[in-house]
Amino acid sequence: MANKKKKIRIALNKNRQKRTRSNDFTRAFGDQTPAAAESVSGERVRPKGEMSRHRTIMADAAEATASDASSGPPDESSSRRAVDQAAWTAGRVLRVHGLVSVVETEDGRTFPCHVRRLLKSMAIDGRNVVAVGDRVWFRPPEKGGDEGFIERVEARQGVMTRGYRGRRHVLAANVDAVFIVSALAEPGVKISLIDRYLAAAELGGVRPVIVLNKADLVDVSLYQWVVGLYTQLGYETIVTSAADGRGIDRLRGLLRQGVTAISGQSGVGKSSLLNTIQPGLNLRVNEVSDWTSKGKHTTTTAELIRLEGGGYVVDTPGLRQFELWGVLPGELEGCFIEFRPFIPLCRFPDCSHTHEHRCAVKDAVYWGWIHSGRYESYLKLYHQKPDDGS
Ligand SMILES: Nc1nc2c(ncn2[C@@H]2O[C@H](COP(=O)(O)OP(=O)(O)OP(=O)(O)O)[C@@H](O)[C@H]2O)c(=O)[nH]1
Ligand SMILES: [Mg+2]
Ligand SMILES: [Zn+2]
């Protein structure tokens with residue numbers, strides 16, 4: 001029988017199977033060491049794994065095994081695999097331009113690729129099947145053709161995700177760390193936006209580093225409290241200037257290993273920092289020094305870049321809107337690591353820390369143990385108030 005159909009079960013969010021939050025986060029918080037914070041930041045705050053949803057779809061028998069998007073690399077010894085996987089090549093997605101993704105192989109060659117239709121049908125919304133940083137298996141272009149086909153996307157580890165118009169938008173996949181870039185002036189630090197990115201990093205299992213740029217434009221001593229606030233929480237916080245070079249060596253050192261996403265609102269100097277870190281990179285930066293002018297959003301698509309000193313970076317465009325994605329109200333509290341020791345002390349086990357009486361988190365804010373700006377950020381996220389990142 002030609003074209004035999006077969007039922008297959010596919011996991012919809014296998015990439016979310018992180019360890020559930022452990023119960024000893026109070027101890028980790030008490031340590032106040034970056035290492036302790038790190039160990040916490042790699043965990044999920046809710047047992048997503050248990051909730052992993054499946055969906056049954058009909059597929060060609062051959063395709064069903066070949067396109068199991070969440071399994072490991074192709075197992076050529078398996079007799080069930082009828083598709084010619086020998087022709088598949090492993091690669092990493094550098095850029096996504098509409099329907100075409102540019103994939104780089106281990107030996108540095110790049111190929112424009114389309115995504116196989118079945119993979120699209122397996123994605124939740126049919127878009128964003130492939131994101132920058134994804135590890136994929138693809139069929140290189142056939143003779144005479146110039147586009148390959150992505151056959152499989154490997155499970156992701158470490159994602160920066162946002163919600164945009166009710167959809168999930170993966171900004172960068174398989175990143176180890178994220179630089180949350182903010183500018184001390186032009187446009188100025190916005191705690192609520194930093195906290196929003198921090199929460200996204202906690203949710204995505206990515207280690208955040210806070211970068212406070214344009215230090216040349218201000219008296220840094222006036223901003224020491226921001227450095228103190230985040231350092232105390234265990235987040236590495238670095239004051240930089242793409243103009244006078246301060247802090248650049250520290251950034252360079254951090255970038256040497258793994259993959260780092262560079263995020264933050266438009267005009268804070270993400271591309272400028274990368275150009276200073278690696279002269280010759282020649283990323284487009286905003287030539288208009290007046291940051292309020294129309295010349296905003298200079299970087300328009302995310303791009304994975306291999307650095308000469310080792311490591312990769314993803315330069316991302318500043319986003320007008322950055323909403324958290326896939327976070328339940330009860331999960332949000334875990335994204336604020338300094339709330340964690342107080343949560344068990346609230347009177348109601350399901351306390352939302354917004355209006356309840358005898359809320360230990362609110363008490364901690366009152367006594368100054370939790371910074372009021374951080375609590376305001378929590379409220380803003382809890383009530384899903386948009387944060388204009390433009
Ligand atoms: N004085 C000063 N200006 C800076 C610094 N870093 C960046 N700038 C300026 O800020 C403007 C914006 O810089 P970009 O690097 O394009 O900012 P971006 O974050 O990449 O912005 P998008 O690509 O739109 O997201 C440019 O005019 C830069 O010259 C800095 O450390 N000090
Ligand atoms: Mg840029
Ligand atoms: Zn509470």
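The legends below accompany close-up views of a predicted model of one protein chain with a ligand.

**View 1. Overall composition of the protein chain.** In this predicted model, the secondary structure of the protein chain comes to 11 helices and 15 strands. Of its 390 residues, 38% count as buried. Among the contacts that link residues at least 6 apart in sequence, 68% join residues at least 24 apart.

**View 2. The closed barrel of 5 strands.** The strands of this barrel follow the order S3-S4-S5-S7-S6, and their pairing is mixed. Neighbouring strands of this sheet are turned against each other by 55° on average, with direction ignored. Strand S3, which covers residues 89-97, pairs with strand S6, residues 135-139, in the antiparallel sense over 4 bridges, and Thr 89 has Phe 138 in S6 as its bridge partner. Strand S7, residues 148-153, holds Glu 151, and this residue counts as buried because 24 C-beta neighbours lie inside 10 Å, where 20 or more are required. Glu 151 and Thr 89 are 62 residues apart along the chain, and their C-alpha atoms are separated by 9.6 Å.

View 3. Strand S13, residues 259-263, is largely enclosed by the rest of the structure, because 5 of its 5 residues are buried. Val 259, Ala 261 and Ser 263 point one way from S13, whereas Thr 260 and Ile 262 point the other way. In a regular strand, the side chains alternate between the two faces of the sheet. Strand S10, residues 177-183, runs parallel to S13 and is joined to it by 4 bridges, with Ile 180 standing opposite Ser 263 of S13. Strand S15 also runs parallel to S13, again with 4 bridges between them, and here the bridge partner of Ala 261 is Val 314 in S15.

**View 4. The surroundings of Leu 324.** Leu 324 is found in the loop that lies between strand S15, residues 312-315, and helix H9, residues 329-335. Although placed in a loop, Leu 324 counts as buried, because it has 20 C-beta neighbours inside 10 Å and the threshold for a buried residue is 20 or more. When residues up to four places away in sequence are not counted, Leu 324 touches Gly 163, Arg 196, Ala 199, Ala 200, Leu 203 and Leu 381.

**View 5. The crossing of helices H7 and H8.** The axes of helix H7, residues 248-255, and helix H8 come within 10 Å and cross at roughly 85°. H7 and H8 are therefore roughly perpendicular to each other, since the range for that description is 65 to 115 degrees. From H7, the residues Ile 248, Leu 251, Arg 252 and Leu 255 meet Leu 273, Thr 276 and Ile 277 of H8. The residues of this contact divide into 5 nonpolar, 1 polar and 1 charged.

**View 6. The residue shell around ligand 1.** Ligand 1 is surrounded by 23 residues, of which the closest are Gly 269, Ser 271, Ser 272, Thr 299 and Gly 318. Helix H8, residues 270-277, contributes the largest share of this shell, with 3 residues. By residue class, the shell around ligand 1 divides into 13 polar, 6 nonpolar and 4 charged residues.

Methods: Residues numbered from 1 in each chain as written. Chains lettered and ligands numbered in written order. Predicted model: local features only at pLDDT ≥ 70, side-chain atom pairs only at ≥ 80, totals over all residues. Helix = DSSP H or I, 4+ residues; strand = E, 2+ residues; numbered from the N terminus. Buried ≥ 20, exposed ≤ 12 C-beta atoms within 10 Å, placed from the backbone. Contact = placed C-beta atoms within 7 Å. Pairing = 2+ DSSP bridges. Axes fitted to C-alpha atoms, helices over the stretch in contact; angles between N-to-C directions. Near = placed C-beta within 6 Å. Nonpolar A, V, L, I, M, F, W, Y, C, P; charged D, E, K, R; others polar. Parallel < 35°, antiparallel > 145°, perpendicular 65-115°, else oblique.
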